[in-house]
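User: I have just opened this one and would like to go through it with you. Could you help me find my way around?
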Amino acid sequence: MSSTEDLDYPQIILQYNSGFLVSKVMFTACELGVFDLLLESGKPLSSDAIAAHLGTSTTGMERLLDACVGLKLLAVELTQEGALYRNTEISNIYLTKSSPKSQYHIMMYYSNTVYLCWHYLADAVREGRNQYERAFGISSEDPFGAMYRSEEEMLKFMAGQNSVWSICGRDVLAAFDLSPFRQICDLGGGALAQECVSLYPNSMVTIYDLPKVVQVAKEQFVPPEEHRITFHEGDFFNDSIPEAELYILSKILHDWDDNKCRQLLTKVHKACKPGGGVLLVESLLNEDRSGPLETQLYSMNMLVQTEGKERTAAAYSKLLEAAGFGEVEVKRTGKLYDAVLGRK
């Protein structure tokens, strides 16, 4: 084990300090279409050619490409004609819009929305509330009213959620054997519905969400020929919840404080068929709150954007038990999101 003398503290601090720069380089290359162009070209291109295609300055593009090489997002080959750039495998898979596993939409959401809230992180820590009012001039009392402040913003958010579940969805849905549950309600979500009917083809999934969210999901994300997925419009805090055998709450409870979580879970327990259950999909903190770092950072994001926080498995188990659920089981996937199953 390394002693503290072995740690290069100045280097660690410098790396932390450059974290913002790293993500912004990646976001900018995505936004400008660098990775899409290189995929479509089918061959390496010079910085001048890329700049000309994308309508940017040559000096700015050359620096952006070199930074992407340093991040292993691009590879460069020095030829007699000069430096030629191409995508690495990770960029082709995750950073091009056309890839089934593309993370383009969630990156654009972070770049254009989340970052504006994080600008006011110090204010969020001082006040203990989200920063939509400062970032967008919208009341912080209704976080989802702020997130869905325009159809364009709502589409970005929903597309981002779909891109996350394209690489994480199967892990959380396969953490438990959900095949006995045929009637499933994806509460306040929908992004996991297609993965669910793919993994459990005998299931029927109802997507429950606000009317405007349901409308976008119908038009943009669920093919009309998919008859195993249906829709139910409503506000799960103010309207009734349809009866089902299993309720999936994916990244829902982390948006709300404990009181609202108990309120929602109590409604779910009342609507749930006997022998049914609820599956929580969340990023779990270690019980001593020492990590994982990604989850700690997500919890900071909940501070600047919502009313909620990330929790430990024990905290979610306590919320489920307070609502009447028992036989709570926790499965850590080893990935970004984990699964917690409670039964009625």
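User: Is Trp165 buried or exposed?
Analyst: This is a predicted model, and in it Trp165 is buried, with a relative accessible area of 3%. Tyr337 is buried as well, its relative accessible area being 7%.

User: How many aromatic pairs are there?
Analyst: The count comes to nine aromatic pairs. In one of them, the rings of Trp165 and Tyr337 have their centres 5.1 Å apart and their planes at 55°, so this pair is tilted. Trp165 belongs to helix 11 (residues 151-173), while Tyr337 is in the loop between strand 9 (326-331) and strand 10 (338-343), so the pair ties together parts that are 172 residues apart in sequence.

User: And what about Phe237 and Trp256?
Analyst: Their ring centres lie 5.0 Å apart with the planes at 85°, so Phe237 and Trp256 form an edge-to-face pair. Both Phe237 and Trp256 are buried, and the charged end of Lys260 sits over the ring of Phe237, 5.6 Å from its centre.

User: Which residue has its charged end over the ring of Tyr115?
Analyst: That is Lys24, whose charged end is 5.1 Å from the centre of the Tyr115 ring. Tyr115 is also linked by ring pairs with Phe20 and Phe27 into a cluster.

User: Switching to sheets, what is the order of the open sheet of three strands?
Analyst: The order is 1-3-2, with antiparallel pairing. Strand 1 (45-46) and strand 2 (74-79) are at the edges, each with a single partner strand, so one side of each has no neighbour in the sheet.

User: What packs on the sheet?
Analyst: Helix 3 (residues 34-41) does, touching strand 1, strand 2 and strand 3, and its direction makes about 95° with that of strand 3.

Key
Residues are numbered from 1 along each chain as its sequence is written. This is a predicted model: local features need pLDDT of at least 70, side-chain atom pairs count only at pLDDT 80 or more; totals for chains, interfaces and linings use all residues. Side-chain values use heavy atoms; hydrogens and water are left out. Two strands pair if DSSP finds at least two bridges between them. Helices (H or I, at least four residues) and strands (E, at least two) are DSSP runs, numbered from the N terminus. Contact means heavy atoms within 4.5 Å. Axes are lines fitted to C-alpha atoms, for helices over the stretch in contact, and angles run from 0 to 180 degrees between N-to-C directions. Rings of Phe, Tyr and Trp (its six-membered ring) pair if their centres lie within 6.5 Å; planes under 30 degrees apart count as stacked, over 60 as edge-to-face and the rest as tilted. Buried means under 20% relative accessible area, exposed over 50%, partly exposed in between (1.4 Å probe, protein chains only). A charge sits over a ring if NZ of Lys or CZ of Arg is within 6 Å of the ring centre and within 35 degrees of the ring normal.
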